Every structure is written in structure tokens, then in C-alpha cells.
Amino acid sequence: MLMVTQFQWLHSELSNICKSLLRAKQLHAWLLKTHLSQDPFYATQIVRLYAVNNDINSAYHVFDKTSTRSVYLWNSMIRAFAKSQRFSSAISLFRTMLGADIRPDNYTYACVIRACSDNIDFGMLRLVHGGAVVYGFGLDPICCSALVSAYSKLGLVHEACRVFNGIAEPDLVLWNSLISGYGSSGVWDMGMKMFSSMRFVGKKPDGYTLASLLVGIADSSLLSIGQGLHGLSQKSGLDSDSHVGSLLVTMYSRCKCMDSAFRVFCSVSTPDLVTWSALIAGYSQSGEYEKVLFFFRKLNMESKKPDSVLIASVLASIAQMANVGPGCEDWDAQNLSGELSCNREQ
């Protein structure tokens with residue numbers, strides 16, 4: 001009975017990945033004493049705990065000392081290397097795995113595909129893609145999702161579309177990846193066509209979908225499309241989302257529709273610094289400098305620290321105003337140590 005209780009406690013402890021590094025080391029020591037550290041299941045859990053705490057060397061030590069390695073242990077160590085941006089180590093370990101007596105699964109390939117994308121390694125991505133096809137994962141949803149995201153992120157949207165078209169029922173993540181890929185590659189109109197196709201097959205857009213489309217509306221010639229996306233966000237209840245809200249504010253600001261930008265700003269329940277900056281920058285670009293300082297004062301009251309972009313917008317407005325006194329008071333109140341200095345003595 002005591003042994004069962006100890007195993008229950010151990011499983012409970014290992015399943016919580018929020019454990020501190022100290023706790024991870026304590027659990028590792030306990031496993032070493034009980035000789036359970038050689039069990040690939042427990043070794044995998046310890047590797048994940050070390051990885052979450054960014055102790056990759058300890059994670060690899062556990063991996064290296066485990067004589068019997070499951071595919072989950074291999075995957076966890078490859079993922080740990082990739083997430084810590086040690087991409088060459090991740091690829092090297094993957095190659096070692098291919099030469100071992102264990103077969104990689106779809107999650108292995110998905111992890112390595114993401115590592116190639118993060119490392120901006122076009123050649124290796126194509127090689128890994130070919131390997132996935134050879135191993136029978138060419139149409140696997142997990143692999144295909146990773147491939148569409150990777151090719152889109154690297155601007156290879158035609159490759160991403162080829163993978164996408166081979167999937168019988170792409171999910172919303174895949175649609176979003178391709179739409180975003182078209183937008184970031186400068187073919188925003190293709191992204192809009194994909195968006196129309198997505199809605200035609202009954203997929204409902206989410207905040208990521210709208211965000212990918214809103215960033216492409218750069219001037220008033222596309223305002224009607226932006227207004228349509230805004231209406232869709234209202235129907236979907238997404239207009240109160242801070243990320244979508246800030247992009248709508250930015251979109252209306254680019255189109256010089258500051259009344260609409262302000263209405264969207266007011267609809268966001270808790271606007272973040274990005275949303276505030278979008279509104280203030282919009283007023284600055286529209287020449288409404290008094291409103292720039294008015295909303296900057298309100299921002300001060302929210303105790304939010306401005307970034308360099310916002311500082312530049314407010315400085316530009318101050319420079320355009322005949323009386324810079326109010327602006328100087330705001331900067332002093334922010335105490336931006338050295339980022340700018342205002343001399344009260346005229």
C-alpha cells in the first residue's frame with residue numbers, strides 16, 4: 001500500500017511541469033535512489049522538467065544516461081534543444097535517432113520541422129519534409145500543420161499551399177498559417193481569397209485570422225474591406241480582444257478615420273500599451289496634436305510605461321505645437337531617465 005502511495009505521489013509531482021529547478025533536481029535525486037531513473041517514462045518527465053527550467057545540460061545528462069530510450073524521450077530532448085535555440089544540437093540528435101533502432105513518429109518530425117523554421121534553414125526543412133514523406137507522414141495532420149506553418153513563416157507560400165492542398169480537412173490553424181503566410185509574403189490579395197474559401201467551407205475565423213488580414217490594410221483605398229472585417233469581428237465577438245482591437249485602431253488610423261479608431265479603442269475592455277500607442281500614433285499622424293497629449297496624460301494615469309515608438313509619436317507632436325509646456329510636464333512625470341530631456345527654461 002505504501003509503494004502504491006509513493007507512486008501516486010511521484011506521478012502527481014512529475015505531471016506538474018511548473019515545478020522549480022530545485023524541485024526538479026530533488027525529484028531527479030529521488031529517482032536515482034530508487035533506480036527508476038533508467039525507466040524511459042520517468043526519464044522523459046525529468047527531461048521535460050529540466051527543459052521547462054532552461055537547464056538543458058541537466059536534461060541532456062538524463063537523456064544520455066538512460067540506456068533504453070522511448071520515442072517520447074527522444075522527442076522531449078529534441079524539443080528541449082529546439083526551444084532553447086540550440087538548433088544544431090536538435091538536428092544532430094534527430095540524425096542520431098534516425099541511425100538508432102527506434103522509429104521517429106509524427107511528433108518527432110513536427111518538432112524538427114519547427115526547429116528548421118525557427119533557424120531559417122530552408123535546405124534542412126526540405127530534407128526533413130522529404131524524410132517525413134518517406135516515413136509515411138506526408139499526409140499526417142500533425143506534420144502537415146507544422147509544414148504549412150514553417151513554409152509560410154519562411155515565405156515559401158507556394159510550398160505551403162502545396163502541402164495544404166493535400167490535406168482532406170484542414171483545420172483553422174492551417175487556414176490561419178496559410179493566410180498569414182500570404183500576407184507576410186506581400187500577396188495579401190491571395191490571403192483574402194483563402195479567407196473567402198475558408199468561410200465558404202464553413203470555417204469560422206478567430207482573432208488570428210482577422211489579425212493576419214488587418215495588417216495588410218495600409219491605406220484608405222482598402223477601407224471598405226477593413227470595415228467589413230471590423231463588422232465580422234463585431235458579429236464574432238472578437239472586437240473586444242486587445243490584439244484585434246489594436247490592429248483595428250491601427251487600420252483606421254492609417255486610413256485617417258480617427259473617429260472610428262477612437263470608437264474601437266473605447267470598445268476594448270482593457271487596452272494594452274500597443275492599443276494605446278496605435279491610437280496616439282494615429283492622432284499624431286492626423287495632426288491632432290492636442291489629442292496626442294490628452295491621451296498621453298491618460299496613459300500616464302494608467303501607469304503604463306511608453307516605448308520608443310510612442311515616445312517618437314509624442315515628441316513629433318510636441319515639436320509641432322507652439323506651446324510645448326504641457327508636453328514637458330508629461331515627460332517629467334514619466335521620468336524617462338535620459339530617453340529625452342525637456343528644459344523648462346525658455
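1. Phe41, with a relative accessible area of 40%, is partly exposed, whereas Tyr42 is buried at 6% relative accessibility (buried is under 20% relative accessible area, exposed over 50%, partly exposed in between, with a 1.4 Å probe and protein chains only). The model is a predicted one, in which local features need pLDDT of at least 70, side-chain atom pairs count only at pLDDT 80 or more, and totals for chains, interfaces and linings use all residues. Residues are numbered from 1 along each chain as its sequence is written, and side-chain values use heavy atoms, with hydrogens and water left out.

2. Rings of Phe, Tyr and Trp (its six-membered ring) pair if their centres lie within 6.5 Å, and planes under 30 degrees apart count as stacked, over 60 as edge-to-face and the rest as tilted. By this rule there are 13 aromatic pairs. The ring centres of Phe41 and Tyr42 lie 5.1 Å apart with the planes at 80°, so this pair is edge-to-face.

3. Tyr60 and Phe81 make a tilted pair, with 5.8 Å from centre to centre and 40° between the planes. This pair links distant parts of the chain, since Tyr60 is in helix α4 (residues 56–65) and Phe81 in helix α5 (residues 71–83), 21 residues apart (helices are DSSP runs of H or I, at least four residues, numbered from the N terminus). Tyr60 is partly exposed at 34% relative accessible area, while Phe81 is buried at 5%.

4. One aromatic cluster is formed by Phe262, Phe265, Trp276, Tyr283, Phe294 and Phe295.

Notes. Helices (H or I, at least four residues) and strands (E, at least two) are DSSP runs, numbered from the N terminus.
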